[in-house]
Amino acid sequence: MSIRTRCAAIAAAAAVTACPAVYAAGASATLHHITGEGEAESVGTIRFADSEHGLIVTPALHDLQSRGLHGTHIHANADCGATRMGDHKMPGGAAGGHYDPEQTERHAGPYGDGHLGDLPNLTVEADGSATTPVLAPRLTVSDLAGRAVMVHAEADRYDDHGEHHHGKGGVRMYCGVIE
Ligand SMILES: [Cu+2]
């Protein structure tokens with residue numbers, strides 16, 4: 001059954017008329033600056049939509065602290081809180097690691113065969129805004145429920161040298177639960 005046919009059947013059964021919104025539905029997240037104390041100010045939103053070439057990720061972010069490329073991923077848990085190990089507080093630690101349903105444990109980038117949650121870098125303009133969409137060809141909106149999107153302080157070089165942190169974008173800086 002096609003999505004359109006199934007949608008029509010659901011709409012008939014539920015006596016609703018909002019069918020186009022059902023199959024055109026996307027997802028979005030409101031991002032917040034994150035610190036060792038948890039979530040701070042909002043910096044805008046990221047929207048997600050399916051296309052025939054994969055997931056289109058459209059940022060509408062502002063007041064970001066540094067220009068240039070920033071590593072961005074879908075992380076496993078819908079929680080942007082900090083975690084604590086002894087005296088060390090980790091911003092966004094509650095979001096867990098990169099979404100990796102196949103348990104590849106490889107950080108291979110959006111076009112690789114590792115973490116499904118690896119997104120292309122987001123580009124932050126000189127004025128601190130980010131509005132340029134990127135494409136994640138292996139993901140769909142249906143993968144996103146119950147997860148968070150994370151923007152890191154530095155560029156992601158898809159460098160998977162063990163715990164070599166900067167290869168994945170460095171410190172977790174902005175996070176949003178996907179809804
Ligand atoms: Cu990340």
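These are legends for a set of close-up views of a predicted model.

**View 1. The whole protein chain, for getting your bearings.**
Start with the parts list: the protein chain has 2 helices and 11 strands. Follow the chain along its sequence and the pattern reads α-α-β-β-β-β-β-β-β-β-β-β-β. Of its 179 residues, 31% count as buried. Now look at contacts between residues with a separation of 6 or more: 55% of them link residues 24 or more positions apart.

**View 2. An open sheet built from 7 strands.**
Here the strands line up in the order E5-E10-E11-E1-E2-E3-E9, and the pairing is antiparallel. Which strands sit at the edges? Strand E5 (72–75) and E9 do, each pairing on one side only. Step across the sheet and the twist averages 30 degrees from one strand to the next.

**View 3. The hairpin of E2 and E3.**
Strand E2 covers residues 38–51 and strand E3 covers residues 54–61. The two make a hairpin, with 2 residues between them. They pair in the antiparallel sense over 8 bridges. To trace the pairing yourself, find Gly44, whose bridge partner in E3 is Leu61. Then find Ala49, which stands opposite Ile56 in E3.

How many bridges join E3 to E9? There are 3, and these strands run antiparallel.

**View 4. E10, a strand wrapped up by its surroundings.**
Is E10 buried or exposed? Because 5 of its 5 residues are buried, E10 is largely enclosed by the rest of the structure. Ala148, Met150 and His152 point one way from the strand, while Val149 and Val151 point the other way. There are pairing strands to look for as well. E5 pairs with E10 in the antiparallel sense over 4 bridges, and in E10 the bridge partner of Ile74 is Val149. E10 is also joined to E11 by 5 bridges, again running antiparallel. Within that pairing, Ala148 stands opposite Val177 in E11.

**View 5. The largest nonpolar core.**
In soluble globular proteins, nonpolar side chains tend to be buried together. The largest nonpolar core here holds 29 residues. Which members touch the most others? Leu31, Ala148, Val149, Tyr174 and Cys175 do. Strand E1 (27–35), E2, E3, strand E8 (122–124), strand E10 (148–152) and strand E11 (172–177) each supply at least two residues. E10 gives the most, with 4 residues. Two of the names from the previous view turn up again in this core, Ala148 and Val149.

**View 6. Cys175 and the residues around it.**
Zoom in on Cys175, one of the core members that touch the most others. What is it in contact with, leaving aside neighbours within four places in sequence? The list is Leu31, His32, Ile34, Cys80, Gly92, Ala95, Ala148 and Met150.

Val177 is found in strand E11. Setting aside neighbours within four places in sequence, Val177 is in contact with Ala29, Ala78, Cys80 and Ala148. Have a look at Cys80 in particular: Val177 and Cys80 are 97 residues apart in sequence, and their C-alpha atoms are 6.9 Å apart in space.

Gln103 is not a glycine, yet its phi is positive, near 50 degrees. Glu105 isn't a glycine either, and its phi is a positive value of about 55 degrees. Gln103 has 7 other C-beta atoms within 10 Å, so it is exposed. Glu105 has 11 other C-beta atoms within 10 Å and is exposed as well.

Definitions and conventions: Residues numbered from 1 in each chain as written. Predicted model: local features only at pLDDT ≥ 70, side-chain atom pairs only at ≥ 80, totals over all residues. Pairing = 2+ DSSP bridges. Core = buried A, V, L, I, M, F, W, Y, C linked by C-beta atoms within 7 Å. Buried ≥ 20, exposed ≤ 12 C-beta atoms within 10 Å, placed from the backbone. Contact = placed C-beta atoms within 7 Å. Axes fitted to C-alpha atoms, helices over the stretch in contact; angles between N-to-C directions.
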